[in-house]
Amino acid sequence: MDRKIDELLFALMQNMTITMSGEKLARDLGVSHSTLIRWIEKLREAGVEIRGEPFTGFRLARLPDVMLPQLIRPRLRSQLLGRHLYHFYKVDSTNAFASRLLEHDRRVADGTIILAESQTAGRGRLGRSWHSEPETGLYFTVVLRPKVPPSLAPLFTLATAVAMHNAIERDTRVDVDIKWPNDLLAGGKKICGILAEIQAEVDMVKTLIIGVGVNVNHRQLPDDISDRATSLRIASGRIQSRIEIFAEFVEEFEGLYRQFEQSGPANIIEQWTRHSSFAQGRKIEINDGVRMVSGVTRGLNPLGALRVEQKGGQVEEIYTGDVVRWE
Ligand code: BTN
């Protein structure tokens, strides 16, 4: 966790127009001058433009777009989600960090969120990787401890997709579709992926680790994925605020989580169905990990499985998989 470096950046941001002496910064942060210089270098590596050098002092060249907890906290209206925030400039994967955190501390609070500016080994579903360019995307993981049996776990990824759908549409006005089970698309191309990992006993979920990646301000996507993926900046034609989208998401998700605890999954299912063009009447082919299932979609069952009507009229309920073809 880069908490002290966040403090340094926050101090520089509060004094944007002033060159601050290295000695004073080090003293205020309670560290040695050499540690301060190391942190300045780390911020520069993360893309933060800092002018100056040890003898002249330091100043920010422009306001950086960094997911600083100091900037996020005042924006959060949630009671549970994001009350504990971890922020990294660079981490292998926020999901991997969450797993390590849980190994070392079994009491990690429900609703803890781990955010990163960039990931060196971002993970996607089905063993794929996730392109995690610095300062452009949102990369975060939510740790949840719902008191439910493992059969209900997929509902939380559907809820994540619904919450991010609502947050993006409200904040950016970009039209978003949900591709089953939880990819978000803009203009038919992927803008957000969700990777849920579960730790469970036979009859009870212990922890859900839900990783979310959103392509926000990428000018372009790498060649190997640019036919399937896009960003909100490309889709809307303007730069978007990662902090605003994140704060909206947190509020939306907490609302769905609370409603689920009070009255079950009906609202998640209803919203997912309303916001997804894949819910009803869509011809699709799904790889469920074992075989291919093709047919026409007939909504979700109460546990969030997709009903697919096959040739001959038989309806299959699919809990997990990858939609490989659709019309
Ligand atoms: C997918 O394949 O669609 C899922 C992508 C999930 C990416 C996010 S980025 C933050 C979190 N940490 C990871 O390593 N992966 C998820």
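1. Contact here means heavy atoms within 4.5 Å. By that criterion, and not counting residues up to four places away in sequence, Phe140 touches Thr94, Ile113, Ile114, Leu115, Met164, Ile210, Gly211, Val212, Phe246 and Phe249. The model is a predicted one, and the points below should be read with that in mind.

2. Three of these names return in the core. The largest nonpolar core has 64 residues, and Phe140, Met164 and Phe246 are those with the most contacts inside it.

3. Thr94 counts as buried because its relative accessible area is 3%, and the cut-off for buried is under 20%. Residues up to four places away in sequence aside, Thr94 touches Ile114, Leu115, Ala116, Gln119, Tyr139, Phe140 and Thr141.

4. The largest pocket has a volume of about 820 Å³. Its lining is made of 38 residues, and Arg128, Ser129, Trp130, Lys190 and Arg228 lie nearest its centre. Two or more lining residues come from each of helix 5 (94-104), strand 5 (138-144), strand 7 (183-186), strand 8 (189-200), strand 9 (205-214) and strand 14 (322-326). Strand 8 supplies the largest share, five residues. Sorted by class, the lining of the largest pocket has 14 nonpolar, 14 polar and 10 charged residues.

5. The second largest pocket holds about 420 Å³ of space. It is lined by 23 residues, with Arg125, Thr157, Ala196, Tyr319 and Thr320 nearest its centre. Helix 6 (154-172) and strand 8 are the elements that give two or more residues to this lining. Strand 8 gives the most here, with five residues. The lining of the second largest pocket divides into 12 nonpolar, seven polar and four charged residues.

6. Helix 6 has 19 residues and spans 27 Å from its first C-alpha to its last, close to the 27 Å expected at 1.5 Å a residue. Helix 6 is mostly covered, with 15 of its 19 residues buried. Just after helix 6, Arg173 takes a positive phi of about 65 degrees.

7. Which peptide bond is cis, with omega near 0 degrees? The bond from Trp180 to Pro181. Pro181 is found in the loop between strand 6 (177-179) and strand 7. Pro181 counts as buried because its relative accessibility is 11%. Leaving aside neighbours within four places in sequence, Pro181 is in contact with Arg125, Leu158, Trp272 and Gly321. Arg125 is also among the residues nearest the centre of the second largest pocket. The C-alpha atoms of Pro181 and Val143 are separated by 19 Å, the two residues being 38 apart along the chain.

8. Are Leu126 and Glu135 buried or exposed? Leu126 counts as exposed because its relative accessibility is 58%. Glu135, with a relative accessible area of 15%, is buried.

Notes
Residues are numbered from 1 along each chain as its sequence is written. This is a predicted model: local features need pLDDT of at least 70, side-chain atom pairs count only at pLDDT 80 or more; totals for chains, interfaces and linings use all residues. Side-chain values use heavy atoms; hydrogens and water are left out. On a 1 Å grid over the protein atoms alone, a cavity is a set of points where a 1.4 Å probe fits but cannot get out, and a pocket is an open set with protein on both sides within 12 Å along at least five of seven lines; lining residues have an atom within 4 Å of a point. Grid points are joined across faces, edges and corners, and a volume is the space filled by probe spheres set on the points. Helices (H or I, at least four residues) and strands (E, at least two) are DSSP runs, numbered from the N terminus. Ala, Val, Leu, Ile, Met, Phe, Trp, Tyr, Cys and Pro count as nonpolar, Asp, Glu, Lys and Arg as charged, and the others, Gly among them, as polar. The expected span of a helix is 1.5 Å times one less than its number of residues. Buried means under 20% relative accessible area, exposed over 50%, partly exposed in between (1.4 Å probe, protein chains only). A nonpolar core is a set of buried Ala, Val, Leu, Ile, Met, Phe, Trp, Tyr and Cys residues joined through side-chain atoms within 4.5 Å.
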